[in-house]
Amino acid sequence: MLREILIIVIKKFIHQFASPKTYFYQVNRLYPWLLYISISIYISAIIWGLFFTPKDFVQGHSYRIIYFHVPASFVAQSLYAAMAISSAVFLIWRVKLAAYLARSIAPVGAMVTFIALVSGSIWGIPTWGTWWEWDARITSTLILFIMYLGLISLHNSFNNFDKADKLFSYLAIIGFVQIPIIKKSVDWWSSLHQPASITISDKPSIDPSMLYPLFMAMIGFAGLVACIVILSSKVQIYIREKNKNWVKDYV
Amino acid sequence: MNILLLLKNEALKLVKKTRAWLGPILIFILIMVAFPLTIELTSNNLSDAFYPVLFISILLVMMLATEGIFLEDYEDGTLELFLISKKSLSQWVFLKIFMHWLLIGVPISLLGAFFNLGANNDLSSSLMIFPALLIATYIFLILFCFGNSLSLTKGSALGTLITLPLTLPILVILGKLNTAIIFNINYFEFLILIFGVLSIIIFAFPAIISRIIKTHLE
Amino acid sequence: MSKFAFSSISDVMNMDGHGIYVWIVFALFFIALSTSFFIFNLLIKKYQKRIK
Amino acid sequence: MESSYLIEANNLAYKINEVKLFTNFSFSLKAGEALHIKGSNGSGKSTLIRILCGITPSSKGKVYKKDELVFSYLGHKNALKTYLSVRDNISLLGLSDHEGLESLLSLLDLSEKLDVIVANLSFGQQKKVALLRIFLTGADLILLDEPFVGLDSNSHDLLCKFLEKKLHAGSGLIYTSHIPTGIRSKDITLD
């Protein structure tokens, strides 16, 4: 009895908190702040990284691509994780907003993964002498890219949004097993790729003067991508809830 | 009794549709016979290329074998009847995949080991590749069934696009297995690795596939 | 703190011969980010019009 | 909730992509009663029957079934394997040595077709084979979606008589049909 009441209360809370309407208005308030702060952080990080950090001893100036490539590949994987988590939330609690979010992350994730792949292979030319290597980490990032494309085309091929959301969520969660493989692949298989520069447990293997702008670039890039996700989720809300009164009122 | 009936039904359905089970096996034979013709023949080159071709062709053949695996039962309404009858859908999926493996995967593994004998002239490597092929065909079958269940009514191109990223890690392990067999080191480690993958997905995926099929029927 | 790592503007562009890679990546990121902002804003406008 | 009802529906509603198909649909059915669902094309008759079966979840409302109710359903799809014989199709459900098989076969005029491949039967005959399988399962509640489509007048009468006999024997029946059937039943119209 008590448990049932608790479940009802929690459900009510989730439904109020996670109603697309509340989300929409909150996000509208948040968006300009997030946009301007992350733009300024990202630009200053890029300027710092490109012009004011010392030259790398081994790689020369080409290492400066790190300030683009590493944030992008980090965000590409984190976006997938976010998508899988919101898919799980949708499947477990049937929160519609989570499904909208998952669907709106997919194209942004595909874009970020694509630029991570391209910037990585451009970086490969001066450092390894080859633009593509069937190295485990690159391959898994490519897998991530195909995964995003598969998810988008799966969702687009169904007219019934409810069905599409459910199938999308199943695939996103199954695809999530790829993320640990990507993370660990560099350690499992010998490869050209340098091991991850920054880990939580160990001391970073990179000089602090290069590290701070990298962190800033990561934060700024993540903020910018979050802004794009917000825009994308607004598009999803417009598509799905076009018959709802509050959307009509808002427009 | 119930399980036996289901297994018998699946076998009956598969055997009566000759194209569905004999077709993939014939295509496998065709690839294995045809690929030496495309290589400038010195027997050394042939054995180098043999394993990659073998693995890619079992991947392809399993893709063919699962094409539209649930589509027929979906379109004629058998799945709806099944859902209503309160039998376990995941059990049915498991048995269906198992039957496909028995009628397509096992013959292909046997043939693969046999062709290995022709390419490498070495009985011990054939004995090593046979269990690996048995496991790999089952894994591919399950993964393609997953892709097919997602794109149930939307054609096999979408299903392949979905399944491809899931199969690539397995191909990487098989590639490592290939070197392990050639140099005869760490063979059992990789065999146990793919067996571990199989033992996880063999029960997990039928459950997921059955939920996906239920979603399609809604 | 860090000092300016280059001696002249042409040095900045050239970066010991690696400049082309760095600047291509820079352009790629700039274009990708700005087009995605542009496209999603365009989509929002389009759907707003449709709802009206 | 009362156990005298075979099946009871409360305020069922269904919407697809946020567009409502029907709302506030309620009814209850006792043993021996029949329910005829009417409605124009696209009013959600088939969806409603699928909701009652539990295949499609309803957007709102609930379906209560009697405990351990055995029910069978025949939709637009016959669930027959066209490349197998009639006998094999019956044995797929494990019904090949069911005791009522012979009498049902002769009733539906299918005795000589037992070893014919289903693909070689006419549309109406296939429908009858599908119905035969439904009746063999001995369900307490039969849900039929347009069962009379494709049947000749003779078979139509036979089927109606058979369904009435089933109703007298105490099973429930829910069906959709746009042809008048002659079965004494409650009517419900979806708009």
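Which residue takes a positive phi just after helix 1 of chain D? That residue is D:Gly54, with a phi of about 95°, where helices (H or I, at least four residues) and strands (E, at least two) are DSSP runs numbered from the N terminus.

This is a predicted model, in which local features need pLDDT of at least 70 and side-chain atom pairs count only at pLDDT 80 or more, while totals for chains, interfaces and linings use all residues. Residues are numbered from 1 along each chain as its sequence is written, chains are lettered from A and ligands numbered from 1 in the order in which they are written, and side-chain values use heavy atoms, with hydrogens and water left out.

Helix 1 of chain D spans residues 45–53, and eight of its nine residues are buried, so the helix is largely enclosed by the rest of the structure. Here buried means under 20% relative accessible area, exposed over 50% and partly exposed in between (1.4 Å probe, protein chains only). Among the buried residues of this helix are D:Lys45 and D:Arg50, together with D:Leu48, D:Ile49 and D:Leu52.

Chain A has nine helices and zero strands, and 56% of its 251 residues are buried. Of the contacts in chain A (heavy atoms within 4.5 Å) with a separation of 6 or more, 76% are between residues 24 or more positions apart.

Four pairs of chains touch, and the pair with the most contacts is that of chains A and C. This contact takes 30 residues from chain C and 44 residues from chain A. Together the two chains bury about 3300 Å², 85% of it on carbon and sulfur atoms, buried area being the accessible area (1.4 Å probe) that two parts lose on being put together, summed over both. C:Phe29, C:Phe37 and C:Ile51 supply 20% of the area that chain C buries against chain A, more than any other three residues. Between chain D and chain A, the buried area is about 470 Å², with carbon and sulfur atoms giving 34%; D:Ile16, D:Asn17 and D:Glu18 supply 85% of what chain D buries there. No contact joins chain C and chain D, whose closest C-alpha atoms lie 15 Å apart.

Over all chains there are 16 salt bridges, each a side-chain nitrogen of Lys or Arg within 4 Å of a carboxyl oxygen of Asp or Glu. Three of them are listed here.

| B:Asp73 | B:Lys96 | 3.0 Å |

D:Lys38 lies in strand 3 (residues 34–39) of chain D and D:Asp187 in strand 8 (residues 186–190) of chain D, so the pair ties together parts that are 149 residues apart in sequence. D:Lys38 counts as partly exposed at 32% relative accessibility, and D:Asp187 counts as partly exposed at 43%. By contrast, both B:Asp73 and B:Lys96 are buried, and B:Asp76 and D:Lys81 are buried too. Salt bridges that share partners join B:Glu10, B:Lys13, B:Lys17, B:Glu72, B:Asp73, B:Asp76, B:Lys96 and D:Lys81 into one network.

Ring pairs link A:Tyr42, A:Phe51, A:Phe68, A:Phe221, C:Trp23, C:Phe26 and C:Phe29 into a cluster; rings of Phe, Tyr and Trp (its six-membered ring) pair if their centres lie within 6.5 Å, and planes under 30 degrees apart count as stacked, over 60 as edge-to-face and the rest as tilted.
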